[in-house]
Amino acid sequence: MSVADNDVNIHIRTGQLDDAQAILDIQRYVIMENKFLISVPDEFDRTLEQQKKWMRNVLENKRETIMIAEKDDEVIGWLVFESPNRKRLSHTGSFEMMIHKDVRGKGIGKMLIMELLNWAEKNPFIEKVSLGVFSTNKRAISLYKRMGFIEEGRKYNEIKLSEHEYADDILMYKYV
Ligand SMILES: CC(C)(COP(=O)(O)OP(=O)(O)OC[C@H]1O[C@@H](n2cnc3c(N)ncnc32)[C@H](O)[C@@H]1OP(=O)(O)O)[C@@H](O)C(=O)NCCC(=O)NCCS
């Protein structure tokens, strides 16, 4: 897979149920990399049916969305924004995203976040967009800061990566 910087063939769109397999594949791959997410490989056994059910719930919720990055009809990245089902938290939500390993660092994550922020600005319910990121994930942190997210706290040594290796869980936010 090759993606040139500012590739015009990349476009961002809302997710649909037909994307379930493609996003599950990317998710499985990132979990197998075992560096960026809380789930470890032997904890992730989601089936396609479960993925579709989860996606259906997200897509039917006015405060939530899934964004897809696509190149030449191939899904190369995705983002999900979920909002708590509690009145006092319903103006907030957090997102998680992942890009196919071969095309990271080429601005696709930035495109997805820009689209999310556009969506959130227009959404009548959402006022605050949040996320959590491992302190070891330098690329993700750099991207989030560049997109205007601010650190609001961190859970120190919250993530145990291996016997003697820990990461902080950095909490970031942006008002929209
Ligand atoms: C994190 C991730 C979503 C970012 O998407 P992406 O398409 O790679 O990001 P972009 O290319 O839009 O932007 C990356 C930024 O990090 C910078 N960067 C790239 N490699 C870097 C590195 N090793 N260290 C620090 N910064 C780095 C880039 O220069 C760019 O910053 P800039 O816009 O200021 O130039 C993607 O890399 C990914 O899927 N990683 C694995 C899964 C993951 O970590 N998900 C997030 C969990 S919180």
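What follows is a walk from the overall fold to a serine in a loop, with two other residues alongside.

Student: Where is S135 found, and which residues is S135 in contact with, leaving aside its neighbours within four places in sequence?

Tutor: Keep in mind that this is a predicted model. The protein has four helices and seven strands, and reading along the sequence you get β-α-α-β-β-β-α-β-α-β-β. Its radius of gyration is 16 Å, close to the 16 Å from the globule rule for 176 residues, so the protein is as compact as a globular protein of that length. Of the 176 residues, 43% are buried. Take the contacts with a separation of 6 or more: 60% of them are between residues 24 or more positions apart.

Now for S135. You'll find this serine in the loop between strand 5 (128-134) and helix 4 (138-146). Is S135 buried or exposed? Its relative accessible area is 13%, and the cut-off for buried is under 20%, so S135 counts as buried. A polar atom of the S135 side chain sits 2.8 Å from the backbone nitrogen of D168. D168 also turns up in the contact list: leaving aside neighbours within four places in sequence, S135 touches I141, R154, A167, D168 and I170.

Leaving aside neighbours within four places in sequence, the contacts of D19 are R13, T14, M55, I68 and V75.

For a helix residue, look at W54, in helix 2 (residues 48-60). With a relative accessibility of 18%, W54 counts as buried too. Leaving aside neighbours within four places in sequence, W54 is in contact with I23, R46, I66, W78, V80 and E82. For a sense of scale, W54 and E163 are 33 Å apart, C-alpha to C-alpha, and 109 residues apart in sequence.

The accessible surface comes to about 10,400 Å², with 45% of it belonging to carbon and sulfur atoms. As for charged side chains, there are 27 positive and 29 negative ones, and the centres of the two sets lie 5 Å apart.

Conventions. Residues numbered from 1 in each chain as written. Predicted model: local features only at pLDDT ≥ 70, side-chain atom pairs only at ≥ 80, totals over all residues. Heavy atoms only, no water. Rg over C-alpha atoms; globule rule 2.2 N^0.38 Å. Buried < 20%, exposed > 50% of the residue type's maximum accessible area, 1.4 Å probe, protein only. Contact = heavy atoms within 4.5 Å. Areas by Shrake-Rupley, 256 points an atom, 1.4 Å probe, with all protein chains shown as cover. Lys, Arg positive; Asp, Glu negative; His and termini not counted. Charge placed at Lys NZ, Arg CZ, Asp CG, Glu CD. Polar contact = N/O pair within 3.5 Å; in protein donor to acceptor, adjacent residues only side chain to side chain.
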